[in-house]
Structures are given as C-alpha cells and as structure tokens.
Amino acid sequence: MTAQNLPAWLPLSVAVWLIQMIAYHGIGLWFEWLDRTGRLSAYKTRPVDRVTYFDVLPRVLVNQVFILLPAMMAAQWLGLAYVGADHIGLVMFLVGLIGLTVGHDLVQYVSHAWILHRPALMRKLGHSVHHSTTASRAISACYMSAADFFLEIVCPYLLPLIVVSAIGSGGSDLLFHAFTVSAGAFGGLYEHSGYDFGTKLARSANPLARFVAARISSRAHAEHHSRGNVSYSDGFGSSNICDTVFKTRWDLVAPRERRRRSQETQA
Ligand SMILES: [Zn+2]
Ligand SMILES: [Zn+2]
C-alpha cells in the first residue's frame, strides 16, 4: 500500500501518526504484559517503576494527540515533509535512515543536554516531570511536560525528517515513514522498559557476543535516569555521536572524573 491508496480524507501525516500510535501503544502494552506476568524476568534489570501504567497514560496521550499530531500535520501542510515521491529507492531509503539517526542524535542532544538539563530551566521547562520516573515502565518514554515533549520528541524527529525530505529521501513513501516511526517507538519504549536484552550476551566469553550485547543494551538511558548527568543521547538505536564527542557517555564519565581527581591530588 502506498500513500496514493490512502482515502482522500486521510493525509499521509495523520496515517503515519496512526501507525506510530499503534506501534507505541501496542509495544507499550506488550512490555506492560511482561511486567505483569513476569515473562522474560531474567532480562528485567531494574524493579518496575512505582508509577503505574494508568498514572502515566493520560499525559502521554495528551502529548501525542495535541503536540505530535498537529506538528506532523503542519509539516505536511507547509510542504516540508510527507510530500514528494510516492516511492523512494533503496539508496534514498538508507540515506534517510542514516540522516534521521544522526540528525535525531544532534537535535536531541542540544535540547536535552544543553537546554532541558540547564539548572535554571530544569523545572521551568518541566524536564523534572520525566525524571520523576525511573526508566522502568515502557510507556513512561513519553511521560513529560509539553515543552519537554516538543523539544525532546517532536523536534528530533521532524527537523531531520525535513532535512532528508529536502534532499529527496522520505518523500511520501508510506513504508519509509511507517518503518521509521515504528523503530523510533520501539527504541523509546525499550529504553524505558527496565529490560535489557543484552544482559546474557554480555556475560559471554565471545567478544562478538559482547559487542552485540553492548549494541542492544538499554543501560545508557537507565544510567541517565539514575545519575542525571550522563548519556543524554537516546542510547539504544542512537548513533550516540554527541555523547561520545562530548564525553558524556555513561561509561566515559567515571574514568574521566577519576582522572581529574587523580590529577588534583597530584597537583
Ligand atoms: Zn534528562
Ligand atoms: Zn527517559
């Protein structure tokens, strides 16, 4: 099915938003089911958040319906995204994926590390709302203030999408948009789920298994929630370029501080 098959009353941006909602809430419910049944408990690395699914759901829905949906519709209405070629080729598909991954990391790092975590703005912009959760209930991924949701979820998705659309990727290719929003939904939910599917592989003696474990680990964002000042990038599924460049990655911060302390004691 392509965008041309959509009924006239259904703009592509709205269809993509609906797919995103089905992915987000479908996967969110799956993680909730895991929490309630204890399935895959061997991979649950943190106790489940004390805020419940229904504590979190209303704010998540308000953000998705009243901020994300209008922003996506506006991008299409302005001709910035969800317009153009009905089908993009494989090369443009890959260009778009890379552009969205790298662009998401850049925009999200600026908004999350340099704006939302600024002490003077932490409460004013309401990032403290999201930090009242412990990244151990999947659906809490979008539990945040309106300003936080706009800066940390909407902008890192739409701004890179507008850029890749300008160079001929994205277009109105339904498969591309459906894939990217579903992958993004899974990444955010997994990071906030309290599950880490890399834990068993991480104990393996095989270096390849440990490499895969590090790629699929959800630890980075868990460290962000518990320590506050490390790993501002999304962790799982993210290029993590900015955390690496600015040395805020959780596994780089401790050695850096140790080095600084030892230099201070030597001085
Ligand atoms: Zn934060
Ligand atoms: Zn979080």
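Ser145 is buried, because 20 other C-beta atoms lie within 10 Å of its own, and a count of 20 or more is what the assignment requires. The model described here is predicted. Ser145 is located in a loop, between helix α5 (127–130) on one side and helix α6 (146–166) on the other. When neighbours within four places in sequence are set aside, the contacts of Ser145 are Leu125, Gly126 and Val129. His130 is 15 residues from Ser145 in sequence, and the two C-alpha atoms are 7.4 Å apart in space.

The largest nonpolar core comprises 36 residues, and within this core Cys142 and Leu189 have the most contacts. Two or more residues are given to this core by each of α1 (12–37), α2 (53–77), α6 and α7. Helix α6 provides the largest share of the core, with seven residues.

Apart from its neighbours within four places in sequence, Leu189 is in contact with Tyr24, Ile27, Gly28, Phe31, Ala138 and Ala141.

Helix α7 spans residues 174–191 and contains 18 residues. From the first C-alpha of α7 to the last, the helix reaches 26 Å, close to the 26 Å expected at 1.5 Å a residue.

Methods:
Residues are numbered from 1 along each chain as its sequence is written. Chains are lettered from A and ligands numbered from 1 in the order in which they are written. This is a predicted model: local features need pLDDT of at least 70, side-chain atom pairs count only at pLDDT 80 or more; totals for chains, interfaces and linings use all residues. Helices (H or I, at least four residues) and strands (E, at least two) are DSSP runs, numbered from the N terminus. A residue is buried if 20 or more other C-beta atoms lie within 10 Å of its own, exposed if 12 or fewer, and partly exposed in between; C-beta atoms are placed from the backbone. Two residues are in contact if their C-beta atoms, placed from the backbone, lie within 7 Å. The expected span of a helix is 1.5 Å times one less than its number of residues. A nonpolar core is a set of buried Ala, Val, Leu, Ile, Met, Phe, Trp, Tyr and Cys residues joined through C-beta atoms within 7 Å.
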